[in-house]
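Please read the report below with the sequence and the model side by side, and find each residue on screen as it comes up.

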Amino acid sequence: MQDLKILIITSNAALSAAAAGAFAAARVQATALPACRHFSARPGQDFLLVLLDLAALGPDKLAELKAFLAIARGLSVIAMFEAGRTTDRVIVEILSAGADDAMSNATELPLLVAKTKAHLRRLAAQEQADCDAGGLNRGSGI
């Protein structure tokens with residue numbers, strides 16, 4: 001998975017450093033940003049997945065999440081939330097807004113890496129299936 005790149009958006013420097021180290025050890029290339037406002041969807045970035053720490057968002061987290069998802073179209077996003085302060089109803093809202101998964105930002109790093117690698121495997125398999133089909137998929141009107 002060395003050629004698969006992920007983006008970590010968190011204002012938590014300790015989480016960013018620990019996650020970057022854990023992903024490097026797992027041979028997953030990770031780039032960190034401190035806030036969504038530093039992200040711009042540019043061609044050639046080659047990110048397949050974003051780990052978005054919702055604590056890095058402002059007071060209207062759901063609206064900001066939706067705005068970020070609109071900018072990050074085509075990227076798979078795992079929203080990371082504060083476990084003790086996030087209800088199941090809010091997690092449902094996060095997933096309904098378009099996040100591909102949601103997990104606690106207090107998750108142990110081996111589990112975070114394992115879940116991320118599972119998402120990357122699925123994304124790589126889907127990308128390969130799209131290539132094998134000549135780019136024809138559900139999104140191409142077929």
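## Leucine 48 and its contacts

In this predicted model, leucine 48 is in contact with Leu4, Lys5, Leu75, Ser76, Leu120, Leu123 and Glu127, when its neighbours within four places in sequence are left aside. Leucine 48 has its place in strand β3, and because buried means under 20% relative accessible area, the 16% relative accessibility of leucine 48 makes it count as buried.

A further pair to look for on screen is leucine 48 and threonine 116, which are 68 residues apart in sequence, while their C-alpha atoms are 10 Å apart in space.

## The order of the elements

The secondary structure of the protein comes to four helices and five strands. Followed from the N terminus on, these elements run in the order β-α-β-β-α-β-α-β-α.

## Helix α2 and what covers it

Helix α2 is made of residues 61-71, and its buried residues are Leu65, Phe68 and Leu69. Seen down the axis of α2, these buried residues fall within an arc of 100°, so they line one face of the helix. The cover over the buried residues of α2 includes the strands β1 (5-9), β3 (47-53) and β4 (76-81), together with the helix α3 (88-97).

## The protein as a whole

For a protein of 142 residues, a compact globule would have a radius of gyration near 14 Å, and the 15 Å found for this protein agrees with that. The C-alpha trace spans about 45 × 35 × 25 Å along its principal axes. Of the 142 residues, 39% count as buried, and among the contacts with a separation of 6 or more, 69% are between residues 24 or more positions apart.

Terms used:
Residues numbered from 1 in each chain as written. Predicted model: local features only at pLDDT ≥ 70, side-chain atom pairs only at ≥ 80, totals over all residues. Heavy atoms only, no water. Helix = DSSP H or I, 4+ residues; strand = E, 2+ residues; numbered from the N terminus. Rg over C-alpha atoms; globule rule 2.2 N^0.38 Å. Buried < 20%, exposed > 50% of the residue type's maximum accessible area, 1.4 Å probe, protein only. Contact = heavy atoms within 4.5 Å. Arc of directions from axis to C-beta.
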